[in-house]
Amino acid sequence: MFVSGWRRLALGGVVALTAQVNAAPEDDLAALRSFYEKRFPDIALEAHIDGAYALDEGKREQWLEMEDFPPYEIAIDEGAELFEEALADGSSYSDCLGDDAPVVKQNYPYFDETTGQVMTLDLAINNCRVAAGDEAWDYLGPEMAALTAFIAYESRDEEVAVEIPDDPRALAAYEDGKAFYYTRRGQLNFACSHCHMTMVGNKLRAERLSATLGHTTHWPVYRLKWKETGPLHRRFMECNSQVRGVPLEPQSVSYRNLEYFLSYQSNGLVLNGPATRK
Amino acid sequence: MKRVIGPVSRWTAAGLLMVGAAAQAVDDEALAEGKAIATDRNGGNCFSCHMAEGAEMAGNGGPPLIQMGMRYPERDALKAQIFDPRVRNPNTVMPPYGAHGILTDRELELVVDYIHSL
Amino acid sequence: MKHPLALLGMVSALTLSSMAWAGASADEVEDLLARAAAAHEQALALEHGWAVTEPFMEQARQALADGNVDAAHELAQRALLTAEKSVAQAQSEAEAWKGRVLGS
């Protein structure tokens, strides 16, 4: 069992001596937490896994009421069925995703040394399918949403434990995601950081802007605006569109690197997907 | 919808604040058009971040749009700020409405007149 | 105004828009559209394309097809402006993002 960045951080001074390659990500993680602690002194860091609902008591109550009959439940049920279905060559998702499946969400994303790229759960599922002779699913389609919803549900309460291994390519992927996060995009000229750090907690019209901490813990999400359960990368596309940028492809290298960077920041937090958002 | 500043009160306010002839020269119709563009989500969408009198469901990411005539005695300074706020603050979160072509020249002038009247 | 570049930008934007009134030709519109398309492609390759550029190009082509050359000209100018600014954004952001990193 490896030690997550968050736990390593807790070990204090030892970090600086033993983890030079990972110094930058750990500094990012510490700085991010310190930033939100100062900005929201009354809100526990762990509470940010609920996004905007951690910041607004009134909206939180409405949201909790919705949890009595969560709209993502259909996706979980469909995903459970899909998980049990044999693949084209007779193998199962467990054969491909490992013995712990479906409790595997906490292992993603990770840096895949074979491909030299970030591996997400969605990409891993499609890789399983293609290797078994099945067609890859649409990354924005209902099957992928359902299976990932089931896996997320089964993986609830596991801790996020994203590792940046001692491999310059892994650090490069992380840095690329970090650059994406801080880069202004679109005609409206916003970086992710402008809404989720500079303006975090403020209202855009009637909606509160959520913290980056916890952004990746609760996917896929049933979004009332979408009227269906969808993946994190669909939200990336939406964010890019909202600032009037041309969105990238779901599971593109840049979006996977962004997911890598964001997920690392949430190390040590518990998984709480799927979730409902407005 | 509640109209907070009617034509008469605006004239009075303009006189009291000594904003001067420029604000008074802008007619009601142009101000209404400027406000419509400022309100439109595909236009200025100003109330997404700024509160203003008469604005519904306004955000609070930026400072409230009040006493703009006093804060910007020079209309051109306000126009420059809306055209490209990065000139005064490179790290601003406010979009460059003119420099990025978000508003046309005509739309920008109308929005500036409206904001300046607040 | 504090910054000379901003003034330049405003002057050039005003100059551009006033050209529409001089009576544009269809060839000029086509030229603007070709330049806009090239810049937009460059921006897309840098993952910095703007969502407004293609709609402006399409609207310009439609206006041209409708025989409304002045409107087409203005739309083509907006397409070109947004395409060029999107490339400029990609270029300036290649370094500028570093200044925003928390703790930097």
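Trainee: Which residue forms a salt bridge with Glu109(B)?

Mentor: Please keep in mind that this is a predicted model. The partner of Glu109(B) is Lys79(B), and their closest N and O atoms are 2.5 Å apart.

Trainee: Where do Glu109(B) and Lys79(B) lie?

Mentor: Glu109(B) belongs to helix α6 of chain B, while Lys79(B) belongs to helix α5 (residues 75-83) of chain B. The pair therefore ties together parts that are 30 residues apart in sequence.

Trainee: Is Lys79(B) buried or exposed? And what about Glu109(B)?

Mentor: Lys79(B) counts as buried, at 10% relative accessibility. Glu109(B) is partly exposed, with a relative accessible area of 26%. The cut-off for buried is under 20%.

Trainee: Which residue pairs with Arg106(B) in a salt bridge?

Mentor: Arg106(B) pairs with Glu33(B), and the closest N and O atoms are 3.0 Å apart.

Trainee: How accessible are Arg106(B) and Glu33(B)?

Mentor: Arg106(B) counts as exposed, with 52% relative accessibility. Glu33(B) counts as partly exposed, with 33%.

Trainee: How many salt bridges are there over all chains?

Mentor: A search of the whole structure finds 18. One of them is in chain A, where Glu228(A) forms a salt bridge with Arg234(A). The closest N and O atoms of that pair are 2.8 Å apart, and Glu228(A) is partly exposed at a relative accessible area of 37%.

Trainee: Let us turn to chain A as a whole, then. Which domains is it divided into?

Mentor: Domain 1 of chain A covers 2-69 + 167-277, and domain 2 covers 73-154. The C-alpha centres of these two domains lie 22 Å apart. Their contact takes 21 residues from domain 1 of chain A and 21 residues from domain 2 of chain A.

Trainee: What area is buried between domain 1 of chain A and domain 2 of chain A?

Mentor: The buried area is about 1900 Å², and carbon and sulfur atoms give 68% of it. On the side of domain 1 of chain A, Arg169(A), Gln251(A) and Arg256(A) supply 27% of the area buried against domain 2, more than any other three residues.

Trainee: How many salt bridges are counted between domain 1 of chain A and domain 2 of chain A?

Mentor: The count between these domains is zero.

Trainee: You mentioned Arg256(A). What can be said about helix α12 (residues 253-265) of chain A?

Mentor: Helix α12 of chain A has 13 residues and reaches 19 Å from its first C-alpha to its last, close to the expected 18 Å. Twelve of the 13 residues of α12(A) are buried, so the helix is largely enclosed by the rest of the structure. Arg256(A) is one of the buried residues, which also include Tyr255(A), Leu258(A) and Phe261(A).

Trainee: What does Asn240(A) contact, leaving aside its neighbours within four places in sequence?

Mentor: Asn240(A) is in contact with Phe180(A), Arg185(A), Gly245(A), Pro247(A), Leu248(A) and Tyr255(A). Asn240(A) itself is found in helix α11 (residues 232-242) of chain A and is buried, with a relative accessible area of 8%.

Trainee: How many residues of chain B are in contact with chain A?

Mentor: On the chain B side there are 24 residues, in contact with 15 residues of chain A. The area buried between chain B and chain A is about 1500 Å², with carbon and sulfur atoms giving 47%. Asn60(B), Val93(B) and His100(B) supply 31% of the area that chain B buries against chain A, more than any other three residues. The interface of chain B and chain A has zero salt bridges.

Trainee: One last topic. What is the secondary structure of chain C?

Mentor: Chain C has four helices and zero strands. Buried residues make up 38% of its 104 residues.

Trainee: And what is the accessible surface of chain C?

Mentor: The accessible surface of chain C comes to about 5700 Å², and 58% of that belongs to carbon and sulfur atoms. Among contacts in chain C between residues at least 6 apart in sequence, 69% join residues at least 24 apart.

Methods:
Residues are numbered from 1 along each chain as its sequence is written. Chains are lettered from A and ligands numbered from 1 in the order in which they are written. This is a predicted model: local features need pLDDT of at least 70, side-chain atom pairs count only at pLDDT 80 or more; totals for chains, interfaces and linings use all residues. Side-chain values use heavy atoms; hydrogens and water are left out. Helices (H or I, at least four residues) and strands (E, at least two) are DSSP runs, numbered from the N terminus. Buried means under 20% relative accessible area, exposed over 50%, partly exposed in between (1.4 Å probe, protein chains only). Contact means heavy atoms within 4.5 Å. Accessible areas come from the Shrake-Rupley method with a 1.4 Å probe; for residues, only the protein chains shown count as cover. The expected span of a helix is 1.5 Å times one less than its number of residues. A salt bridge is a side-chain nitrogen of Lys or Arg within 4 Å of a carboxyl oxygen of Asp or Glu. Domain bounds come from an automatic or database domain assignment. Buried area is the accessible area (1.4 Å probe) that two parts lose on being put together, summed over both.
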